[in-house]
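This short report goes through a few parts of one protein model. Look at the structure first, then read on.

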Amino acid sequence: MQCYQVKKTGGLDNLIIVDSKVLEPLAGQVLVRWRASSLNYHDYMVAVGGIPCEDGRVPMSDGAGEVVAVGKGVTTWKTGDRVMSLFFPNWLNGKPTVTNSAMVSGDTTDGYAREYSCIGAHALTPMPVDYSFTQAATLPCAALTAWRALMVEGNLQAGDSVLIQGTGGKSIFALQIAKAAGAYVYATSSSDEKLEQLKTLGADEVVNYRSDEKWGRTLWKQSGGIDHVLDVGAETTLKHSVEAVAMGGNISLIGVLGGVTAKLVMPTLFFKHVKLSGLAVGSRYMQEKMVSAINVNNIKPVIDKTFAFTELKQAFEYQTTGAHFGKIVVNYDH
Ligand SMILES: NC(=O)c1ccc[n+]([C@@H]2O[C@H](COP(=O)([O-])OP(=O)(O)OC[C@H]3O[C@@H](n4cnc5c(N)ncnc54)[C@H](OP(=O)(O)O)[C@@H]3O)[C@@H](O)[C@H]2O)c1
């Protein structure tokens, strides 16, 4: 089988394809034939060495595929089951801990840029019904983060307002989840064309964060304060998120697209009674609940572009242009 490895991290040219043996599943494991993965900013950082990893690490945290063999003692899966990976393969339930968050797919443990792998039967969930592998591969990182921020930590109620920032995979899932839950959605983008696409997907009000330098204040004036803000830019966005958020509202700190540090005026936070919380993806239980909600609400991912397995480098290069709207997927079928 073919398998990607990150050699001597430091650039996309260090992403190489090697031939590797397909192993038999041990007791408690299943053998999965991976059929697709999708790109996240985290995967890009691993691939280029921004997140240093072990030499030879198999990248990509998202995988969708089918069970092709079952090891001894496994009763939860059978051959032919359609499954998705977990970002944290050992965080099954309950709160995050140092132990259950230590293993990160495609980072501190091998990921899913490979055609087959043996994996603990616990480290998978079912795919949504009627989803293709291409669609399911978009969910484990981006969609679960949006789901957790809004529905788990945010306890979103119908009628609440939500702000999504930019048109990357995670933000588009947040828009879809928020609309399915009956929220009023504000959205930003650097592109007027993408703002129109956001409206087509259900965004109620949109602001161009490039042409409006005071977009946080604009959103505050438009909304009177937004209940749930999903911040993806940190250095370039957090100040605006604090301006736009409602009294007593939530800001979920999710991304660092604008830089890893941010300056904040503390009294504004106190007097707005803002709840600021950092979060990283979610548990298996949260992923299972999200899959149920996707099934009931018939949410389908927005896929901008697909690439072949051999084109992972080109897929990352496309991601860095920022031209995409939603997810970028790599398909493994030849
Ligand atoms: N904490 C977690 O668990 C978690 C999980 C998933 C993702 N993330 C993080 O969330 C961020 C977004 O992830 P993603 O996978 O959705 O990325 P992505 O698909 O690469 O998103 C890129 C889009 O974000 C917008 N953007 C870029 N720079 C921006 C900036 N400085 N301010 C505002 N928007 C900006 C642009 O949208 P427009 O073209 O519309 O302007 C761009 O097209 C990343 O930092 C990622 O690491 C975190």
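The model is predicted. In helix α3, the buried residues are Leu 139, Pro 140, Cys 141, Ala 142, Ala 143, Leu 144, Thr 145, Ala 146, Trp 147, Arg 148, Ala 149 and Leu 150. That makes 12 of the 15 residues in α3, so the helix is mostly covered, since buried means under 20% relative accessible area.

Helix α3 runs over residues 139-153, and its end C-alpha atoms are only 18 Å apart. A straight helix would reach 21 Å at 1.5 Å a residue. A kink of about 30° is centred on Trp 147 in α3. Just after the helix, Asn 155 has a positive phi of about 45°.

The next topic is the ligand. It is surrounded by 25 residues, and the closest are Thr 167, Ser 189, Ser 190, Tyr 209 and Val 281.

| Side chain | Distance to a ligand oxygen |
|---|---|
| Thr 145 | 3.4 Å |
| Lys 194 | 2.7 Å |
| Tyr 209 | 2.6 Å |

On its own, the ligand has 920 Å² of accessible area, and the protein covers 87% of this.

Another helix, α10 (residues 312-321), contains Gln 319. Is Gln 319 buried or exposed? Its relative accessible area is 11%, so Gln 319 is buried. A polar atom of the Gln 319 side chain lies 3.5 Å from the backbone oxygen of Asn 40. Leaving aside neighbours within four places in sequence, Gln 319 is in contact with Leu 39, Asn 40, Tyr 41, Tyr 44, His 324 and Ile 328.

Technical notes: Residues numbered from 1 in each chain as written. Predicted model: local features only at pLDDT ≥ 70, side-chain atom pairs only at ≥ 80, totals over all residues. Heavy atoms only, no water. Helix = DSSP H or I, 4+ residues; strand = E, 2+ residues; numbered from the N terminus. Expected span 1.5 Å × (residues − 1). Bend = angle between axes of the 7 residues up to and from the residue. Buried < 20%, exposed > 50% of the residue type's maximum accessible area, 1.4 Å probe, protein only. Polar contact = N/O pair within 3.5 Å; in protein donor to acceptor, adjacent residues only side chain to side chain. Contact = heavy atoms within 4.5 Å. Near = heavy atom within 4 Å. Areas by Shrake-Rupley, 256 points an atom, 1.4 Å probe, with all protein chains shown as cover.
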